[in-house]
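Open your viewer and keep the selection tool at hand. We will go from one stop to the next.

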Amino acid sequence: MHKLFNLTKKFRAIFLGVFLCGLIFGLGSAQAQTDAAAVDQPISLWSTIAAGGLIGYLILIMSLVSVSFIIEHFVSIRKGVFLPEQLEQQLDETLEQNNIDHALEICKDDDSFLAMVISSGLQRAGSVFGFFDMQSAMQETSEREISRLYRKLEYLTFIAASAPMLGLLGTVTGMIASFNQIALTEGTAKPSQLAGGISEALVTTCLGLVVAIPTMFFVAFFRNRIDGYIAETETVVERLMGRFRKGTSAQ
């Protein structure tokens, strides 16, 4: 699992770089098109985003980061990472023969959640407290890995919480800009002079919600996915290691 986390970090960095480069190129192209476009041209998506100003661009970048994390989580949070079927079969056959050393070798060659938990328990086989010591080691490893998996979701949680706040900040700055125009014109400002600030206020609010709502959904989705795979893995661990509990009871 450590190797997989390192790979996904590299994947995430590459994905972010590609997205940010595409963003910069897209913004430059949109700006060139806006400068060349006539006044009576219909409002495009890029021009709407541009109305959000700097805060709108920040929210857009957050959306790209959110997408990269979501894709990375789909790669790293899957059943094959937690509970490989082939590993389960190999461990079942090996432990049925009471070949603990071979089972440990199998676990060391695998980075899955199941392998890490089983390996920590088998390393305590034959200890003074028997199965209870093995169970304690497996529980400690399981809790450590679960905490690390949940920490991976904190980035998406942060984006889901901060995107609406940035949208609210854009709302405030946009309204301030509009009221400044009213003050400068002594109450005689034209609608066109107020449109920029109002557009910034509405666009940033909309962008913040558009980013936050799907991100919150995927946070809940991946959290439930982790819980389901962990529960399934713990059931398999109990079945595989239950034979050691029987041996302890017999003694």
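Start with a term: buried means under 20% relative accessible area, exposed over 50%, and partly exposed in between (1.4 Å probe, protein chains only). This is a predicted model, where local features need pLDDT of at least 70, side-chain atom pairs count only at pLDDT 80 or more, and totals for chains, interfaces and linings use all residues. Residues are numbered from 1 along each chain as its sequence is written, and side-chain values use heavy atoms, with hydrogens and water left out.

**Stop 1: the whole chain.** Show it as a cartoon. You will find 10 helices and zero strands. Helices (H or I, at least four residues) and strands (E, at least two) are DSSP runs, numbered from the N terminus. Of the 251 residues, 39% are buried.

**Stop 2: helix H5.** Select residues 85–96. H5 has 12 residues and reaches 17 Å from its first C-alpha to its last. That is close to the 16 Å expected at 1.5 Å a residue (the expected span is 1.5 Å times one less than the number of residues). Which residues of H5 are buried? They are Leu87, Glu88, Leu91, Thr94 and Leu95. These cover an arc of only 140 degrees around the axis, so they sit on the same side of H5. The arc is that of the directions from the helix axis to the C-beta atoms. An α-helix has 3.6 residues a turn, so residues three or four places apart point the same way.

Now colour the face of H5 turned away from the buried side. It carries the exposed residues Glu85, Gln86, Gln89, Glu93 and Glu96. Step just past H5 to Asn98, which takes a positive phi of about 60 degrees.

**Stop 3: helix H6.** Select residues 100–108. The buried residues here are Ala103, Leu104, Ile106 and Cys107. Seen down the axis, they fall within an arc of 160 degrees, so they line one face of H6. Asp101 and Lys108 are exposed on the face turned away from that side. What covers the buried residues of H6? The cover includes helix H5 and helix H7 (113–122), judged by contact (heavy atoms within 4.5 Å).

**Stop 4: helix H9.** Select residues 154–184 and find Met165 in this helix. Is Met165 buried or exposed? Met165 is exposed, with a relative accessible area of 54%.
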